[in-house]
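Hi,

Here is the structure I promised to pass on to you.

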Amino acid sequence: MTDGARFGLGREALPEEVAAWNVDVSPDGTGLPDGSGTAMEGEPLFEETCAACHGSFAEGVGNWPKLAGGDGTLADADPLKTVGSYWPYLSTVWDYVHRSMPFGNAQSLSDDEVYAIVAYILYSNDMIEDDFELSRETWDQVEMENADGFIVDDRAEAEYAAWRTEPCMEDCKDTVEITMRATVLDVTPEEDTSPTEAAT
Amino acid sequence: MSDTPSEKSPGLASRRQFLSGAAALGAGAVAATGARAAGPDPLITEVQDWATGLGDGVDATPYGLPIRFEDDVIRRNVDWLTADTISSINFTPIHALDGTITPAGCAFERHHSGAIELAKDDYRLMINGLVDRPLVFTYADLERFPREQQVYFCECAANTGMEWAGAQLNGVQFTHGMIHNMEYTGVPLRTLLAEAGLDLAGDLSEKWVYVEGADASSNGRSIPMDKALDDVLVAFKANGEALRKEHGYPVRLVVPGWEGNMWVKWLRRIEVTDRPVESREETSKYTDTLADGTSRKWTWVMDAKSVVTSPSPQAPITHGPGPMVITGMAWSGHGKITRVDVSKDGGKTWETARLAQDGANKALARFYLDTTWEGEDWLLQSRAIDETGYVQPTKAQLRAVRGLNSIYHNNCIQTWHVKANGEAENVEVS
């Protein structure tokens with residue numbers, strides 16, 4: 001052991017190695033690379049690499065995520081949470097598309113392509129004009145609809161204070177009625193193997 | 001009722017198939033203490049094959065699977081929940097398990113870009129950011145640090161999430177099975193951070209670590225420094241053996257008491273930062289929308305929760321009236337479970353169950369209520385209490401604060417309607 005708590009294990013990471021893996025982008029734009037793109041440039045890229053799942057207008061296909069729409073629905077019975085209606089930071093869009101999309105072929109997009117595709121997603125949400133050039137320089141001109149829509153976990157005040165009490169043990173309520181049954185929906189997978197028949 | 005124990009009752013066999021295993025076990029077992037056998041039992045009076053011939057040799061099974069009669073104790077998928085099976089979830093068969101340790105082979109999986117294959121030789125772990133020395137470790141390096149060993153539960157933030165709006169899935173595996181509980185061996189994260197040196201980070205109370213996996217989804221999450229320096233483990237063994245591929249082989253993060261999404265698998269990088277990254281998995285996902293449309297973020301802790309695993313829809317009562325065991329599990333991200341109460345009448349009256357062992361910190365506890373059933377209807381519930389005095393709430397209490405669209409962190413009291421025929425159904429009660 002050296003340096004007190006140190007064991008001298010591992011080796012120094014090289015700058016090239018850190019650069020290859022340290023690609024996260026923070027809400028203030030830290031981590032954004034050089035490059036740029038417009039929605040017009042992004043449209044054909046989106047059509048080619050994204051639209052099969054997310055739809056030509058980012059509206060989603062089948063059960064795949066919708067990236068656009070849902071403005072003003074967050075307090076509705078069935079909110080539609082998209083980049084436009086829900087995501088608080090533009091950095092997250094860039095970071096996630098760059099690192100993890102397209103699904104099944106992640107990390108295949110150039111920085112310019114990511115800028116263009118992100119611009120197209122913003123355009124699909126009516127957040128920018130189609131010729132707006134998204135880059136590190138124009139970054140903070142984009143307003144996110146739900147930027148102020150999040151609060152830090154407040155369960156300690158909103159819940160724990162009231163629920164850390166000795167609970168009722170007897171005569172806790174007068175009546176109990178069944179108000180909902182899972183078998184009415186009947187969406188539970190059926191099992192088609194019995195243990196003895198499945199054996200070989 | 002048949003008096004030949006090995007024969008299935010036709011009435012029971014015609015039910016939903018997943019009841020059939022239990023039905024076969026139950027047939028013939030109805031005879032209560034003191035009942036008289038109709039005749040000699042041939043399983044006793046006739047010499048059976050296994051008592052004359054030979055079993056398998058010790059070289060037959062270098063690494064074994066459960067006996068074939070337990071083939072229904074498996075992970076299950078609900079195909080309509082997600083768009084495909086790659087970024088998806090499956091469920092631990094908790095209806096059939098007992099004790100607290102989850103067998104790794106049937107412990108639930110949740111991936112965002114599939115279960116990747118990463119060899120120990122190819123494994124690298126980087127620590128970078130606000131550290132004195134950015135470091136790269138190999139797998140072999142990690143095994144040279146002092147180790148810790150602890151049992152913890154890993155519960156998906158979305159466990160029971162499909163039940164927010166009502167009773168939906170009819171089986172405890174599906175309503176509560178996004179959980180496993182294993183004994184982990186690994187290196188404290190604080191040990192690795194010390195190796196990289198935190199002097200550069202300055203006031204640690206304001207610092208964060210960003211952790212990400214080697215898979216395409218990366219699953220990056222931000223963790224405040226006080227948690228990182230407390231009890232987080234960089235784990236390489238679970239239940240005594242290497243992590244399963246689907247659980248992060250060769251290295252995963254263990255974040256005791258906190259939502260499963262933060263237990264980053266195939267861990268490849270730890271970055272010390274002066275701010276949270278606000279990644280996709282802590283903005284778009286794992287944020288909890290309230291009734292007014294605002295959303296909670298950084299809801300890390302999993303609150304106290306419990307559920308009766310038997311009887312339950314997949315584990316009906318098949319033995320008829322008489323003595324029986326109600327059992328289930330309880331857990332809390334705030335610490336130890338100190339008590340579990342059980343109600344048979346939908347919460348009008350409660351009796352305190354027996355904990356099989358003293359509650360362990362941020363780990364599953366097993367409870368039993370040794371009781372008698374006379375064939376009456378039950379509205380069966382369990383209610384966990386942890387060492388902070390937190391009492392597991394009802395769904396109505398949760399909804400009153402949060403509304404119906406939180407998706408995550410549903411730790412409500414579950415109700416099973418046990419009927420006169422012994423079957424159980426997932427219900428909500430007033």
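Below is what turned up when I went through the charged side chains.

Please keep in mind that this is a predicted model.

Let's start inside chain A. A:Asp95 and A:Arg99 form a salt bridge with an N to O distance of 2.6 Å. Both residues belong to helix 4 (residues 90-100) of chain A, where they sit four residues apart, about one turn of the helix. A:Asp95 has a relative accessibility of 3%, so it counts as buried, the limit being under 20%. A:Arg99 is buried too, at 5%.

Next, a contact between the chains. The side chains of A:Glu159 and B:Arg296 meet in a salt bridge at 3.0 Å, N to O. It runs from helix 6 (residues 155-163) of chain A, which holds A:Glu159, to strand 15 (residues 295-297) of chain B, which holds B:Arg296. Both of these residues are buried.

Finally, one within chain B. In the salt bridge of B:Glu155 with B:Lys305, the closest N and O atoms are 2.9 Å apart. Because B:Glu155 is in strand 6 (residues 148-155) and B:Lys305 in strand 16 (residues 305-310), the pair ties together parts of chain B that are 150 residues apart in sequence. B:Glu155 is buried at 1% relative accessibility, and B:Lys305 is buried with a relative accessible area of 1%.

Best wishes

Technical notes:
Residues are numbered from 1 along each chain as its sequence is written. Chains are lettered from A and ligands numbered from 1 in the order in which they are written. This is a predicted model: local features need pLDDT of at least 70, side-chain atom pairs count only at pLDDT 80 or more; totals for chains, interfaces and linings use all residues. Side-chain values use heavy atoms; hydrogens and water are left out. A salt bridge is a side-chain nitrogen of Lys or Arg within 4 Å of a carboxyl oxygen of Asp or Glu. Helices (H or I, at least four residues) and strands (E, at least two) are DSSP runs, numbered from the N terminus. Buried means under 20% relative accessible area, exposed over 50%, partly exposed in between (1.4 Å probe, protein chains only).
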